[in-house]
Amino acid sequence: ILGYSERYDMAVLKVLNVRVPLKPLKISETIPVRGEEVIAIGQGLGFDWATTASKVATFSEGRYICVEGDTISPGNSGGPLLRFGKDGNLEVVGINTSIFGENNYAFKYGLASNSKIINKVVSEILKNGEVLHPSLGIKVQQLNPVLKHIFDIKDYDKGIVIMDPLKNSSLQKGDLIVKVNGTSVWDLNQF
């Protein structure tokens with residue numbers, strides 16, 4: 001193991017004594033768009049080497065790609081989410097992470113960490129041996145309907161809520177951050 005990130009649940013491994021030549025897949029520089037076809041590989045529902053295809057339901061410039069239906073199912077976590085690149089070769093656009101839906105066998109959506117996150121993690125591990133996560137020493141949470149109600153936030157639907165401010169600072173619990181140095185911050189990955 002060259003390094004890992006607990007936050008992103010990813011590691012970079014060095015493979016030694018390979019008996020069969022391996023051809024690494026390219027990690028995409030771009031995130032797939034809504035309606036684009038993707039392929040998940042893993043051991044979905046306990047089957048060996050399951051391959052399933054679906055379409056991207058939506059995506060986040062933050063961390064996740066959201067896939068329709070049961071493409072990402074129990075057993076696929078950690079496997080690649082792929083698409084055909086412009087050159088016709090498969091490329092990695094995500095790493096399958098989780099599912100959510102009505103019950104264990106009627107899934108609505110699957111989530112995959114997107115390729116921008118993968119590239120960041122791999123690059124930092126190869127450069128530093130770890131992924132550095134700077135900290136301001138405060139605890140924050142992404143704004144959601146519950147926090148809007150608790151802190152009576154009316155004018156915004158997105159932003160970062162201060163949950164535990166620094167001592168002796170002007171920040172207060174419930175303060176909302178929507179910009180940092182003039183740049184909008186709508187989710188934790190932008191913060």
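**Close-up views of a predicted model**

**View 1. A nonpolar surface patch comprises Ile1, Tyr4 and Leu13.** Together these residues present about 400 Å² of accessible area (Shrake-Rupley method, 1.4 Å probe, with only the protein chains shown counting as cover for residues). Patch members have over 30% relative accessible area and no salt bridge, nonpolar side chains (Val, Leu, Ile, Met, Phe, Trp, Tyr) being joined within 5 Å and like charges within 9 Å. Ile1 lies in the segment before β1 (3-5) and is exposed, at a relative accessible area of 76%; buried denotes under 20%, exposed over 50%, and partly exposed the range in between (1.4 Å probe, protein chains only). The model is predicted, so local features require pLDDT of at least 70 and side-chain atom pairs pLDDT 80 or more, whereas totals for chains, interfaces and linings use all residues. Residues are numbered from 1 along each chain as its sequence is written, and side-chain values use heavy atoms, without hydrogens or water.

**View 2. The largest nonpolar core contains eleven residues.** Its members include Tyr8, Met10, Leu82, Ile117 and Val131. Such a core is a set of buried Ala, Val, Leu, Ile, Met, Phe, Trp, Tyr and Cys residues joined through side-chain atoms within 4.5 Å. Strand β2 (10-12) and helix α1 (115-128) each supply at least two residues of this core, and α1 gives the most, with four. Helices (H or I, at least four residues) and strands (E, at least two) are DSSP runs numbered from the N terminus. Beyond its neighbours within four places in sequence, Val131 has contacts (heavy atoms within 4.5 Å) with Tyr4, Ser5, Tyr8, Val121, Glu124 and Ile125.

**View 3. Arg83 forms salt bridges with Glu36 and Glu91.** A salt bridge places a side-chain nitrogen of Lys or Arg within 4 Å of a carboxyl oxygen of Asp or Glu. The N to O distance is 3.0 Å for Arg83 and Glu36. This pair links distant parts of the chain, 47 residues apart: Arg83 is in β7 (residues 80-84), and Glu36 in the loop between β3 (26-27) and β4 (37-42). For Arg83 and Glu91, the N to O distance is 2.7 Å. Arg83 is buried at 7% relative accessible area, as is Glu91 at 8%, while Glu36 is partly exposed at 23%. Shared partners join Lys26, Glu36, Arg83 and Glu91 into one network.

**View 4. An open antiparallel sheet has the strand order β10-β11-β12.** Pairing requires at least two DSSP bridges between two strands. The edge strands, β10 (139-142) and β12 (176-177), each pair on one side only. Two bridges connect β11 (residues 160-164) with β12, and Ile160 has Ile177 of β12 as its bridge partner.
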